[in-house]
Amino acid sequence: MTLVLIFISWVYRFFYWTLIGRALLSFVHADYDSPITKIYRALVQITEVIVSPCRELLYRLGVRTGPFDFSILVAFILLRIVYRIVATILIGGWGHLALL
């Protein structure tokens, strides 16, 4: 059970940092062949699995934010909620929730 929790924790941290990288690099405007652009495209491909459903959820809820894309923020929140629920179930109860 501990190995599963460690694996889930690593997956959570991986997506957490790739979402942060994607959010930060979205403000950088680089040339098409720039290494920063290539890193950004890789981060988009990795995180789109989480961000795309969040974007669709916002669209279905009628949230229109114009040029701002809050789907990454929603992805952060949902990722954290799912991680906490799964980790709590694996730890064995809500009493250990503060340890996460």
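A charge sits over a ring if NZ of Lys or CZ of Arg is within 6 Å of the ring centre and within 35 degrees of the ring normal. Arg41 meets this test: its charged end sits over the ring of Tyr32, 4.7 Å from the centre.

This is a predicted model, in which local features need pLDDT of at least 70, side-chain atom pairs count only at pLDDT 80 or more, and totals for chains, interfaces and linings use all residues. Residues are numbered from 1 along each chain as its sequence is written, and side-chain values use heavy atoms, without hydrogens and water.

Now helix H1. Helices are DSSP runs (H or I, at least four residues), numbered from the N terminus. H1 covers residues 2–25, and its end C-alpha atoms are 34 Å apart.

Buried means under 20% relative accessible area, exposed over 50%, partly exposed in between (1.4 Å probe, protein chains only). Tyr12 is buried at 13%. Tyr16 is partly exposed at 29%. They lie 4 residues apart in H1, about one turn.

Next, the rings. Rings of Phe, Tyr and Trp (its six-membered ring) pair if their centres lie within 6.5 Å; planes under 30 degrees apart are stacked, over 60 edge-to-face, the rest tilted. The whole structure holds 6 aromatic pairs. Tyr12 and Tyr16 have centres 6.0 Å apart and planes at 35 degrees, so this pair is tilted.

Tyr16 also pairs with Phe76: centres 5.6 Å apart, planes at 75 degrees, so edge-to-face. This pair links helix H1 to helix H3 across 60 residues. Ring pairs join Tyr12, Tyr16, Trp17, Phe76 and Tyr83 into a cluster.

Key:
Helix = DSSP H or I, 4+ residues; strand = E, 2+ residues; numbered from the N terminus. Expected span 1.5 Å × (residues − 1).
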